[in-house]
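My notes are below the structure.

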Amino acid sequence: MKTLESYDCIPYESYAITETHPDALAVLGRLLGIETADPEHCRVLELGSASGGNLIPMAYHLPRGTFVGVELAAAQARRGQSLAAALGLTNLTLLHQDIRELDESLGPFDFILAHGVYSWVPESVKERILQICGRLLSSRGIAYVSYNTLPGWRQRGMLRDMLLLHCREATTPGARLERARDLLERLATGLNGDTRPETLALRREVEYLRSARASYLYHEYLEETNSPELFSDFMARAQRHGLAFLAETKLHTMFASTLGPGAEAALAGLDGQVMREQYLDFLRLRAFRQTLLVRAETRPCLEIDLERLEDFALYADLEPPSRPQSTRVKPEDYRTPDGASLRVEQPLTKLILAHLSACYPNAVPLTTALHAAAEQLTAAGRGRFAAAREDCLAELFNLYASQGIGLTMRTAHWSNQVESSPRATRLARAQAAAGEGHVASVRHRSLGLDPLAAWLLTGLDGTRDQAALRQALMAELSAEPALGAGLGLAPGASERALEALVDANLSRLLALFARAGLLSPDPV
Ligand SMILES: C[S@@+](CC[C@H](N)C(=O)[O-])C[C@H]1O[C@@H](n2cnc3c(N)ncnc32)[C@H](O)[C@@H]1O
């Protein structure tokens with residue numbers, strides 16, 4: 001049987017990649033003037049779909065869409081197929097197949113996704129990925145291809161070279177991982193206390209890799225193929241397959257201004273968008289891209305008209321500063337769930353963010369949110385700020401470009417409440433039970449699960465109220481001391497300490513699941 005042994009041996013952790021969701025791609029395309037497919041009814045192809053961690057949640061939440069995944073590693077493909085079958089997903093096909101052998105009669109597709117595949121495969125597969133995009137993308141389709149890029153990856157490539165040398169005599173993936181960990185420890189010891197600027201990048205990378213997942217360390221640093229490219233070389237190849245650049249999913253990186261005033265001057269006189277992007281990569285030392293491609297004949301409109309934002313609804317999960325000055329024009333820092341900080345100044349924007357936070361994960365049409373915020377300002381005697389609509393739209397666009405807020409075309413609504421007998425979606429329970437350590441939120445974000453969270457989520461079938469859940473959790477923690485230890489419970493701790501731990505964690509976890517939309521009814 002054909003397979004990829006290294007991935008069978010050390011499976012890739014397959015989870016939801018927010019930027020690849022059809023809704024996210026459709027919105028970005030429409031902002032850029034393309035009549036993209038309706039995400040509710042679209043056709044999606046994923047190349048290198050691993051065990052379906054990205055495609056399965058999409059297919060589950062978009063039951064009228066059609067989804068096809070292609071994966072060569074047999075064990076990964078099988079895992080995905082059995083989860084899809086257990087969930088009864090009739091709109092998803094996960095093929096155990098080489099990308100090179102894909103049957104083209106399966107197309108066309110509105111969205112083609114290849115995350116973490118292109119620069120990790122041999123030349124013939126790279127070429128085929130872009131050929132498939134060129135041939136199977138529908139006329140208004142968008143392809144998403146992520147890959148390691150130069151010049152930034154050269155810095156990491158230095159460590160990859162050292163690790164490959166240290167592993168050269170180890171033959172099995174497990175032994176290679178062991179050798180790699182050995183070198184990382186030697187490097188950490190040897191560089192301890194080193195303050196030379198020329199070793200800074202290496203020291204950071206070693207530190208990161210020492211606690212990284214085995215699958216990341218192996219497939220990024222120890223796989224036979226990892227061939228990063230210059231963006232301009234990637235685009236030249238894409239153009240040969242009839243494709244053109246649309247945008248980067250991290251939209252803010254396309255604006256030189258985000259690098260400071262000098263960057264704009266440095267790009268002066270460069271011809272064409274591809275070259276501008278290439279030189280931005282030089283300035284950024286960019287190591288990774290998530291590029292969106294369209295058919296060459298598509299004519300996107302790269303001048304974004306802020307009025308187009310009104311076509312969408314907004315959602316956001318931003319944490320405000322401790323005492324937000326919501327009715328004053330004052331720069332304040334809001335925090336994303338990933339811990340990044342984003343500056344917000346306009347009262348209209350601040351009130352909209354408060355409204356969105358209360359509704360999350362649900363979205364609010366921009367026109368409704370603007371109207372409600374303006375009324376609040378007027379009622380507070382700050383009517384003059386209510387008129388600053390243009391400033392607010394510009395700020396909302398910047399937040400969107402920095403991935404601080406989301407825009408959606410969908411009207412789906414989810415519960416964000418914890419009911420008396422909480423019931424998680426079948427998808428959330430199945431993903432938690434599969435033991436992969438993460439589930440997809442309804443906004444297609446990956447939510448990490450520690451063993452206790454996975455245990456609780458697996459059992460949320462709506463048959464037990466919170467008192468019964470509390471009891472079951474107490475029993476589980478008594479039976480499995482390792483679970484409690486993971487939460488800081490000392491061995492032999494008193495019954496009261498155990499109860500306090502259970503109470504704090506039960507309500508924390510249920511609130512977390514509710515905010516991720518996991519306690520909603522299943523989609524019909
Ligand atoms: C780094 S993983 C990324 C997986 C997934 N897209 C993700 O991001 O979670 C690369 C995947 O591509 C698959 N792959 C590599 N070469 C392939 C080929 N020729 N045909 C199909 N799948 C392939 C691997 O087995 C692996 O699952």
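I am working with a predicted model, where local features need pLDDT of at least 70, side-chain atom pairs count only at pLDDT 80 or more, and totals for chains, interfaces and linings use all residues. Residues are numbered from 1 along each chain as its sequence is written, and side-chain values use heavy atoms, with hydrogens and water left out.

**Domains.** I took the bounds from an automatic or database domain assignment. It gives domain 1 (5-151 + 228-295), domain 2 (166-221), domain 3 (313-408) and domain 4 (426-515). Over C-alpha atoms, the centres of domain 2 and domain 3 are 42 Å apart.

**Core.** I looked for nonpolar cores (buried Ala, Val, Leu, Ile, Met, Phe, Trp, Tyr and Cys residues joined through side-chain atoms within 4.5 Å). The largest has 97 residues, and L45 and I112 have the most contacts inside it. Helix α16 (residues 389-401) gives this core its largest share, seven residues. Domain 1 and domain 3 each supply at least three residues to this core.

**Cysteines.** I searched for disulfides (cysteine sulfur atoms paired within 2.5 Å). The count is zero. For C167, the nearest cysteine sulfur is that of C9, 14 Å away. C167 counts as buried because its relative accessibility is 0%; the cut-offs are under 20% for buried, over 50% for exposed and partly exposed in between, with a 1.4 Å probe on protein chains only. For C359, the nearest cysteine sulfur is that of C392, 16 Å away.

**Cavities.** I used a 1 Å grid over the protein atoms alone: in a cavity a 1.4 Å probe fits but cannot get out, a pocket is an open set with protein on both sides within 12 Å along at least five of seven lines, and lining residues have an atom within 4 Å of a point. Volume is the space filled by probe spheres set on the points, which are joined across faces, edges and corners. I found three cavities of 30 Å³ or more.

Of its 15 lining residues, M254, F255, Q273, L302 and I304 are the closest to its centre. α12 gives the most to this lining, four residues.

How values were computed:
Helix = DSSP H or I, 4+ residues; strand = E, 2+ residues; numbered from the N terminus.
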